[in-house]
Amino acid sequence: MADVRFLDATRVFHGAWRPAVDGVSLDVRDGELLVLTGPSGSGKTTLLRMLAGLEPMDRGSVLIGGKDVGRTAPDKRGVSMIFQGFALFPHQSIRENIALPLTMRKNSAKSAAARVQQVAELCGIADHLNSKPDSVGYDVRQRATMARAIVRRPGVVCLDEPLAGSGVPLMMRGRSPIAALQRELRITTLYATCSSIDAWSIADRIAVLDSGRVQQLGTPAEVFDKPATIAVAQFLGQPGMNLVTAAVADGVARMGGLAVALTSTQASTLTGHRVVIGIRAEDLAIGAETDGIRATTVLVRDTGRDYLVTARMVVDGEESDLVVRHAGGPVPAKGESVVLGVRAGAALHLFDAGNGVRLPD
Amino acid sequence: MSVTRPVAVPGRVPAGTRVAKRLTGGAWYLVVLLVGVIWLIPTLGLFISSLRKASDISDSGWWTVFTHPAQITFKDYSNLFANKGIIQSLWNTVLITVPATVLVVFLGALAAYAFAWIDFRGRDWLFVVVVGLMVVPIQVALLPVAALYRNLHIFGTILGVVMFHVGFGLPFAIYLLRNFFAAIPRELLEATRMEGGSEWTIFRKVIVPLGLPAIASLAIFQFLWVWNDLLVALVFSNAKTQPLTVALQSNMRQFGSNIDILAPGAFLSLSVPLVVFFAFQRYFVQGLMAGSVKG
Amino acid sequence: MDEPLSAAPAAGAAPAAGPPAPSGPGPAPHLFSSADHGRSPLRIPVRVRAGFLIPAAVILAAIIIWPAVDSVWLSLHNHDGSKWVGLHNYKTMFTDSATLTALKNNVIWVVCAPTIACALGLMFALLAEKIRWSTAFKAVIFMPMAISFLAAGVIFELVYQQDPNQGVANAVAVGVHDTFAKSSQYPGARPRPNEGTEAGGGAFNTVHTYQAGSVVTVPLVGLQAASLPGKAAQAAAPSAAPAPDQIEGTVWLDIIYGGGGKPGSIDPGKKGMPGISVKAIDAATGKSAGSASAHNDGTFTIKGLKPGASYRLELPGSNFAQPYRGIQWLGPSLVTPAIIASYLWIWAGFAMVLIAAGLASIPRELQEAARVDGANERQIFWRVTVPLLAPVLLVVLVTQVINVLKVFDLVYVIAPGSTLPNANVLAVQMWNVSFGGGQDQGLGSAMGVFLYALVLPAMYFNIRRLRREKKEGGR
């Protein structure tokens with residue numbers, strides 16, 4: 001069993017003013033593909049490196065299969081790592097690259113060769129074994145690095161931004177051989193990425209990190225539908241969620257022409273007198289009614305399928321921008337006044353303005 | 001000289017002066033040809049002189065060979081190769097140059113790896129010291145090291161000459177290699193480390209193969225520097241261990257009468273570096289650029 | 001690669017609760033942090049770290065660092081290190097005339113060599129841009145870098161040979177000289193002692209005056225018969241009765257090859273001196289009245305003289321001037337420039353390669369932008385190219401200054417013993433004092449320390465450059 005457990009894992013870099021990873025506790029189930037996501041600098045990579053043994057921990061512990069590996073050398077942990085840019089040795093053939101974990105462990109040449117062949121076939125690169133990494137395409141390199149990661153039958157594979165800067169279109173990444181292989185082999189996999197779309201498309205579960213802390217852990221649907229904090233709401237989704245501050249009075253949050261009634265549980269957990277109302281762009285509509293949020297169009301972007309209309313509203317002298325996904329009907333011109341309405345059945349998200357935490361439903 | 005590369009970039013108007021406009025393309029070639037010939041003539045003169053009899057050399061200029069090709073003879077060379085002292089000194093040059101180059105490359109690479117990838121207390125400060133040592137003139141060390149060698153009884157030995165070259169070659173070696181090693185992607189080192197590679201394994205399997213261009217540059221530089229050295233060998237070697245440069249130098253005072261040794265000897269002494277230079281020009285230039293502050 | 005050289009060694013890094021450092025976002029994580037509290041599986045054992053560093057460190061300490069310190073100590077002692085003498089050696093150094101000459105020469109070197117090398121390098125780099133086979137050109141210019149100073153010394157010793165028949169420099173110098181000043185045909189020839197007087201500038205006048213219409217014989221000696229031109233024929237006597245407005249005569253070499261003959265008479269076997277010029281000088285006014293040059297048989301006829309007037313004959317000095325022997329390159333006055341020239345031959349290629357790389361790295365857009373703005377080529381060169389090249393030029397200059405301060409081999413090898421004192425530089429003087437006979441450790445060390453002090457600014461320059469590079473991130 002290669003489940004992974006972080007307990008209060010903390011890492012402070014010398015000279016840094018806050019921990020890179022700050023008391024992270026996280027359970028990863030055996031065979032699961034967990035995506036670690038969050039803006040760059042949120043601590044994803046450091047967390048992986050702590051698991052792999054490349055980064056010391058200042059506090060806390062890491063358990064693999066229930067065993068504390070804090071003092072275990074990287075090569076004895078049963079963890080392999082796929083680095084950003086793949087880290088294939090340019091002076092060695094693909095075969096030698098894949099065999100590296102075996103040769104370093106002094107496996108017999110014969111069994112190593114057989115295993116390399118087997119893994120290469122599994123990854124579909126058996127034809128390229130004698131090429132140098134620089135002479136093959138991106139896809140082969142990607143598969144080769146995966147082959148190297150699984151050749152020694154690790155319990156856990158860590159992927160550190162494997163597609164960053166690769167030029168692979170966002171939408172294509174879900175079909176990457178890495179994800180496909182992982183599903184097939186059911187190796188516990190931790191996949192760090194900045195792209196929320198990556199996270200969305202391949203993850204069994206997503207852990208959203210921000211400022212070195214886990215903001216939320218859940219299935220993609222959970223995280224998308226019920227973001228636990230403002231940070232998660234902003235990070236996930238394209239575009240991120242619209243967030244506007246509203247004042248609470250008499251159990252109702254008001255924002256311009258919009259009024260949201262708070263439940264009693266919500267009201268009781270509220271720490272201040274303000275909430276942040278979150279509405280996804282998909283849940284807003286440009287309507288003809290007079291009842292709604294009055295705003296002025298400041299930007300219209302054509303995404304190809306629909307339009308993203310940015311409208312600026314002014315409440316109590318404060319400006320805030322809302323993004324609306326506008327599919328049909330006439331497109332408002334820049335500078336035009338519009339009235340925004342909330343679609344029927346739309347989800348409204350309420351967050352405590354003080355600590356950014358989602359208010360219970 | 002592939003690294004320098006400014007070969008007629010299309011559309012590039014060179015930053016010339018007004019003269020540029022007056023001279024047509026052909027005239028530039030003429031100027032270049034003239035400069036090139038001026039630069040070649042001294043070496044050519046030595047080469048031709050080495051192929052003439054001493055009596056011919058004192059009678060007429062080497063350029064008379066073009067009208068009297070019969071003057072060409074290999075007698076000076078055969079005499080040179082029959083001269084035991086010269087052959088011994090040539091052998092000494094090899095015995096000094098090869099270990100001095102290998103040691104500097106090896107020890108320099110080890111230290112450069114530490115400076116690039118091993119974090120230790122005072123690392124940056126120490127590296128500044130190394131950079132500072134690059135310009136120290138060897139004159140400042142001659143007397144104390146001579147005394148040290150006398151105490152160790154290695155004064156006049158090849159070992160002493162080699163060690164002195166290693167010492168003064170190391171700062172540049174560390175500087176050049178450290179900069180190159182530091183640019184090797186960290187992931188490659190970590191990938192090895194993840195599989196249980198020790199520092200030594202990383203050094204051998206990752207740093208050395210990937211750092212090869214810089215190592216080649218350094219090796220060529222060090223080779224030329226030691227092969228061509230006169231001062232160090234003049235001080236630290238004796239009649240038995242002196243390299244070719246010192247052996248020839250002792251003939252310089254009677255230049256005219258020793259020309260039959262000096263000309264072929266000097267040509268022999270410069271032919272090896274010249275071959276190295278033309279064979280590895282690219283690395284030579286790279287090393288030059290990377291370490292252009294060495295004194 | 002952002003390998004953070006500038007990161008302070010992470011010794012005992014603050015744990016989570018430690019005081020927040022005000023330094024903003026920390027450096028990129030190190031691969032191997034020593035801030036590991038014994039918890040890191042990555043801790044590199046001290047002996048491993050030492051294994052990488054100690055060998056180099058020991059050698060550096062033994063060969064450079066300790067000797068540099070010891071030199072200072074030695075420089076404060078007498079010749080064998082037995083007695084403390086304070087700054088006496090330094091005082092000697094700055095009062096001794098040989099050292100002062102060396103110092104003066106070092107100044108000449110430092111002022112001239114780096115700047116000229118830079119200028120040549122810049123010229124060659126620009127030149128190389130204009131031609132297609134610049135690679136070959138650069139290789140030729142650059143090649144001397146691979147040659148030892150000793151070999152270069154032999155090469156230039158040959159170039160600078162005094163005899164124009166051996167040294168190519170003087171061969172060229174003589175060639176150029178003789179193109180502008182014609183060489184004489186009969187160097188060293190002179191009249192028989194009683195037949196003429198020297199008139200200054202190598203010319204000879206006849207003792208007697210002659211009237212127009214008379215005959216003059218001018219026998220010359222002081223020349224080997226073998227060195228007469230091939231066209232010289234048996235000397236002939238002038239015609240007995242020249243026209244009244246003419247003077248006729250014969251100029252011949254009054255020697256017979258192998259001996260014999262009577263001085264002053266045109267004997268068989270004596271040959272005329274063709275081409276020699278003879279002037280008639282009016283005895284009254286001292287002005288030239290006419291001239292002629294001798295035929296193959298030595299006869300000449302000066303025409304257009306006033307009948308009856310008396311003339312002296314002059315054989316102008318140009319007939320007899322010694323040939324031009326070229327320049328004494330390695331003489332006292334030129335030896336330093338001559339050695340600097342050989343230094344430039346070696347190092348111009350270095351400057352060229354660095355400057356060419358600098359030129360190549362200048363974004364073309366900058367020059368084009370200037371051109372679009374109406375700048376001419378000269379303005380572009382001085383206002384755009386040169387300022388952008390300035391950092392490279394500075395590096396070349398500094399490198400060359402360090403080099404030049406330490407120059408030893410070239411001077412030691414090329415300068416002949418007689419002019420070595422004139423060509424002396426500090427490094428050579430240091431060698432002379434310490435090893436080449438002086439055996440004065442104290443004075444030698446003082447010179448070594450002084451040389452070291454001279455390169456200290458360059459050391460500072462290097463370190464500053466390193467720090468800047470670090471700030472720009474790694475390389």
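Mentor: A polar contact is a pair of N or O atoms within 3.5 Å; within protein, one must be able to donate a hydrogen and the other to accept it, and residues adjacent in sequence count only if both atoms are side-chain atoms. Heads-up: this is a predicted model, so local features need pLDDT of at least 70 and side-chain atom pairs pLDDT 80 or more, while totals for chains, interfaces and linings use all residues. Residues run from 1 along each chain, chains are lettered from A and ligands numbered from 1 in written order, and side-chain values use heavy atoms, without hydrogens or water.

Trainee: OK, how many residue pairs are in polar contact between chain B and chain A?

Mentor: Start with who touches whom: 16 residues of chain B meet 21 residues of chain A, contact being heavy atoms within 4.5 Å. With both residues at pLDDT 80 or more, the pairs in polar contact between B and A number four.

Trainee: Which helix of chain B gives the most to the side that touches chain A?

Mentor: Two helices, α9 (186-194) and α10 (199-210) of chain B, each supply at least two residues of that side (helices are DSSP runs of H or I, at least four residues, and strands of E, at least two, numbered from the N terminus). With eight residues, the top contributor is α9(B).

Trainee: What does B:E190 form a salt bridge with?

Mentor: The B and A interface has three salt bridges, each a side-chain nitrogen of Lys or Arg within 4 Å of a carboxyl oxygen of Asp or Glu. For B:E190, the closest N and O atoms are 2.6 Å apart, and the partner is A:R49.

Trainee: How much area do chain B and chain C bury between them?

Mentor: Here 125 residues of chain B are in contact with 128 of chain C. Buried area is the accessible area (1.4 Å probe) that two parts lose on being put together, summed over both. Carbon and sulfur atoms carry 72% of the B and C total, which is about 11500 Å².

Trainee: How many residues apart are A:E161 and A:K44?

Mentor: They're paired in a salt bridge, with the closest N and O atoms 3.9 Å apart. A:E161 sits in the loop between β7 (156-160) and α5 (177-185) of chain A, and A:K44 in helix α1 (residues 44-52) of chain A, so to speak distant parts of the chain. Their separation in residues is 117.
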